[in-house]
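Trainee: I would like to learn how to read a few features of a structure. Please show it to me, and we can go through them in turn.

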Amino acid sequence: MKFVASYSGGKESALAVYRAIKEGHEPIALITTYNTDANRSHFHGLTEEILERVSNALDIPLWLIKTSGEEYAQNFEKTLLRAKEQGAEACVFGDIDIEGHIQWCSQRCNNVGIKALFPLLNESRKDVVYELIDNGFIANITIVNTKQVRDEFLGKQLTKAIAEQIAAGGADICGENGEYHTFVSAGPNFKHPVIFSFGEKFSRDGYAFLPVLL
């Protein structure tokens with residue numbers, strides 16, 4: 001079936017899209033929520049230019065949902081409706097097992113009459129991380145919750161050894177609870193790597209950030 005994917009630029013969304021395509025589904029677009037106040041994507045803090053580079057590398061069109069927090073759900077549904085009008089039957093999400101997130105995503109899809117697909121649903125978080133790495137995805141750590149993950153991990157490529165070090169420190173190995181976020185720049189379904197650099201590290205509200213730049 002044809003689908004759009006809720007795409008953050010991080011590891012779970014990248015793997016979910018890859019899985020959906022391998023299962024025979026056809027992508028119409030990547031949809032990414034974009035914070036109009038910060039001029040960056042929600043949650044992962046990526047610029048429009050970076051996201052366009054990812055879109056080109058994956059050869060899947062990018063649809064930005066430019067929205068404030070107050071209209072987030074409403075504007076997400078408007079974009080899903082647009083997708084449905086263009087033939088999409090489903091939206092793919094990278095969520096694994098946090099029930100509140102899964103319910104939110106499912107409700108958005110239910111409200112516009114398309115399916116919510118969760119290719120990683122209820123899988124082992126460790127297995128998800130290992131599968132991503134084994135398939136050759138390149139993911140660098142760009143945000144950490146400093147109460148759970150040391151900021152020395154910022155910028156590091158996610159490997160099995162790094163993932164195990166994060167887990168040994170008491171955080172979830174997959175960062176599913178927001179312990180850390182990544183930027184995926186290459187993988188088996190990328191036509192070419194996304195070339196990028198890092199900006200200066202900064203901290204805010206208990207998190208440390210390493211901006212992704214062109």
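Trainee: Leaving aside its neighbours within four places in sequence, which residues is Asn-189 in contact with?

Mentor: First, the ground rules. This is a predicted model, in which local features need pLDDT of at least 70, side-chain atom pairs count only at pLDDT 80 or more, and totals for chains, interfaces and linings use all residues. Residues are numbered from 1 along each chain as its sequence is written, and side-chain values use heavy atoms, with hydrogens and water left out. Contact means heavy atoms within 4.5 Å. With neighbours within four places in sequence set aside, Asn-189 touches Val-17, Tyr-18, Ala-57, Leu-58 and Phe-137.

Trainee: Where is Asn-189 found, and is Asn-189 buried or exposed?

Mentor: Helices (H or I, at least four residues) and strands (E, at least two) are DSSP runs, numbered from the N terminus. Asn-189 sits in the loop between strand E8 (180–186) and strand E9 (197–198). Buried means under 20% relative accessible area, exposed over 50%, and partly exposed in between (1.4 Å probe, protein chains only). With a relative accessible area of 18%, Asn-189 is buried.

Trainee: How do the strands E1 and E2 run?

Mentor: Two strands pair if DSSP finds at least two bridges between them. Strand E1 (residues 2–6) and E2 run parallel, joined by 5 bridges. From E1 the chain passes through helix H1 (residues 11–22) to E2, a right-handed β-α-β crossover. Right-handed means that, with the strands pointing away from the viewer, the path from the first strand over the helix to the second runs clockwise.

Trainee: How many residues of strand E2 are buried, and what else does E2 pair with?

Mentor: In strand E2 (residues 26–35), 8 of the 10 residues are buried, so the strand is largely enclosed by the rest of the structure. E2 also runs parallel to strand E4 (residues 62–67), with 6 bridges; Tyr-34 has Lys-66 as its bridge partner in E4. With strand E3 (residues 40–41), E2 pairs in the antiparallel sense over 2 bridges, and there Asn-35 is bridged to Arg-40. The hairpin of E2 and E3 has 4 residues between the strands, and Asn-39 in it takes a positive phi near 60 degrees.

Trainee: How should I read the buried residues of a helix such as H4?

Mentor: An α-helix has 3.6 residues a turn, so residues three or four places apart point the same way. The buried residues of H4 are Ile-102, Cys-105, Ser-106, Arg-108, Cys-109 and Val-112. They cover an arc of only 155 degrees around the axis, which puts them on the same side of H4; the arc is that of the directions from the helix axis to the C-beta atoms. These buried residues pack against helix H3 (72–85), strand E5 (90–92) and strand E6 (115–117). After H4 comes Gly-113, with a positive phi near 85 degrees.

Trainee: What is the order of strands in the open sheet of 4 strands?

Mentor: The order is E8-E7-E11-E10, with antiparallel pairing. E8 and strand E10 (202–204) are the edge strands, each pairing on one side only.
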